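These are my notes from going through one structure, element by element.

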Amino acid sequence: MKKVRFAAPLAALATVAVVAVALAGTGAAAPAKKQATPFKAGLVSDVGRFNDKGFNQNQLVGLKYAQAHIPGLQISALESHSAGEYLPNFASLARKGFNIIIGAGFLLANQEATVAKQFPNTKFAITDYTAFIPPFSGKLKNVEGLTYATQENSYLVGCLAGLMVKQKGGSQTIGVVGGVKIPPVDTFLAGYQAGAAKCDPGIKVLVGYSQDFIDQAKCKTVAQNQIDQGSQVEFNVAGPCGLGTLDAAKQAGIWGIGVDVDQSYLGSHILTSAVKRVDTGVYLAIKGAQNGQFKGGADLVFNLKNAGVGLGKISPNVPASFLKKIAGLRAQIVAGKIKPPTKVK
Amino acid sequence: MSSTEPEQPQGGEPGGYAPSVAERLAFYQRAGGIITPIITAVIAFFMGGLVVLATGHNPFKTYRAIFDGTGLNWFFHFGHHHITLPFTHTRVFFWWDTNANANASYNLSQTLLLTTTLILTGLAVAFAFRCGLFNIGGQGQYITGAIVAVWVGSSWAGMAKGLHVFLAILLACLAGAAIAAVAGFLKAAVGAHEVITTIMLNWIAYWVGSYALGRGGPLQNKVDISVPVSSDVVKSGKLPTFWGNPELQALHVGFFIALGALVVFWLMLNRTTLGYQVRAVGFNPEAARYGGINVARNYVYAMAISGVFAGLGGAMDILGWQYRLGVLDIQVSNIGFIGIAVALLGRNTAVGVGLAALLFGALVNGTSTRGLDPSVFPPTLAGNLTLMIQALVLLFVGADVLVLAIWSSRKKIGLGRRAASPPSPEGAAT
């Protein structure tokens, strides 16, 4: 359940947009500094609602974290029980004078764009969606996309997978099962391929798609196929469907790598997880909007540097030297010396 | 309502004849008048209040907040206003401010949007009930109508506006009728129980919709292939709106179409031969057959007409304000099931369904998290409060068959002195 984004090629455009908004935003930022009007931040869930133990719930955690760490911040979290509630939820927050309103994912994009057009003086942000594609198309200067540079943490897990396979010997093959071939899935895959090749040059990375994000059996079949071809590590990039991938890894006695959240709770076969911190994203978006760093019409990119993406718990069976190697690569990515690719080879 | 049914005193079944569920419901629908549904609703709200109290919140404040969230408080804001007449630029005097940017009037318009659909899904259940059929398939018929409406509405962009809307509504109604008629036909032809078949048809509609709108499906949008949502309804396929900003889910003319459907429902049942036959079959299919009525045909007709109402409901939602349909919309939607509660609380009568639809529409909208002040009731609990009150209403609607049974047995004791009174339907209901 991810949305399309283009990070690198549009960076130049983003810079232009940021400058434009910075100029236009100077007037808007002034009232926020007054003590009399508290800064108000709202979050609208998708139909998964806030008790979904995942995407929506993590964002609510981020909102609550913001309330605890930004003095005087007022928050409101609105649940949507049906698609018909998206629009009234956005509209009611905008009418109540909320300064920034965050939509919890791509399901809300159309309605958020509609409301953003009607309330040009209210700031909007949308999780895991770029502001450069329809319905926003970079033209709505009060909407900010919150996107995740998952090629960066995937590069690290790819390297770790390569190191583990190299140490173990045997078939130098690892696999990854994506949901559907769409850009937000492929950024994970591309980083994984590049990271594995970096740390184990001769390695073969099997890439498969289940064509589904929900049905675990489909992911399990694809993973099983890769394991039969000698894969020693299976990376899940397919949300709930990917639990099937990790299950196949467990049954075959090989490593599995989790996605989005820390999936180490699944068992000792989990090597680590490529974590996407949507809670950090929500918090940083609010903080940025309050500090006048709102990127209207552009994306706020979350990466290793600002801890918007990262690694989950790493298995205790990983040697300390490997951890050191990973830490070194991380520092190089943060410093901009390594730029993991976003396109699958 | 019940005074328009001259044959009801003859509705008593012969002794020893085991009453079916539909017969008991038919009796229950006639008995008790307007008092029992009101008592039912009041008890449900009282129990809901106790639960609110148990969570440590003030039930009066909570209900007040829910009431404000429904927008019904708009009626208490009298004043002298000059408002713009819909579709014109004429400004006239009115007692209430219709500016939909105010929270109360916006909330009310959202409540009425839900009421529109609930009237139609409620009628879909009520009409079948009057023929002695329990139509659980309102949800599937609603989805079918919505799928067809989004298909027609998002195709043929060049068509004339009036014609396009009319065609979309017509085909949605026919599609709803077709899927419902399957259940009616199976009942008529082989006696398959309509509760089972309509539930199965619900899943057929659910999965057909999930396929058609899902990734790679024929109705999925071509712009963003990663999102399982249909294309948008084109401009000529949209119903006109008359209250509120058309960009922000304004109230559309479908509200009047739904009110019209209530009138049609009443006329059809009480002023046509078909309605007479449908009711006769509902009261007692054996007697109706003996009287020369084609029971099988009436089962098919009654289900098809139910399907028209539900399909119309789906079309109203798509063409009136949703303008698109996604796989998730189909999967989380339950408006057809709320229609069952609407029909039961509304006693399967036109006026009752209209009022019950308003109550449930208000309840769903009022307990949405945006209407509730978090200091009064935590938003994360509010959504569950909606479901709870709905469930309690349903429970008591079911349980008041029991209340009626007690009530009727008490009456029987009272009637004991008039031993000559004819056998009454109460006997069959207990």
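How many residues has helix H5 of chain B, and what does H5(B) reach from its first C-alpha to its last? I found that H5(B) (residues 138–154) has 17 residues and reaches 24 Å, close to the 24 Å expected at 1.5 Å a residue, the expected span being 1.5 Å times one less than the number of residues.

I note that this is a predicted model, in which local features need pLDDT of at least 70 and side-chain atom pairs count only at pLDDT 80 or more, while totals for chains, interfaces and linings use all residues. Residues are numbered from 1 along each chain as its sequence is written, and chains are lettered from A and ligands numbered from 1 in the order in which they are written. Helices (H or I, at least four residues) and strands (E, at least two) are DSSP runs, numbered from the N terminus.

I then looked up burial, where a residue is buried if 20 or more other C-beta atoms, placed from the backbone, lie within 10 Å of its own. In H5(B), 17 of the 17 residues are buried, so this helix is largely enclosed by the rest of the structure. Just after H5(B), B:Trp156 takes a positive phi of about 50°.

S6(A) runs parallel to strand S7 (residues 204–209) of chain A and is joined to S7(A) by six bridges, where DSSP must find at least two bridges for two strands to pair. Within this pairing, A:Gly178 stands opposite A:Tyr209 in S7(A).

Conventions:
A residue is buried if 20 or more other C-beta atoms lie within 10 Å of its own, exposed if 12 or fewer, and partly exposed in between; C-beta atoms are placed from the backbone.
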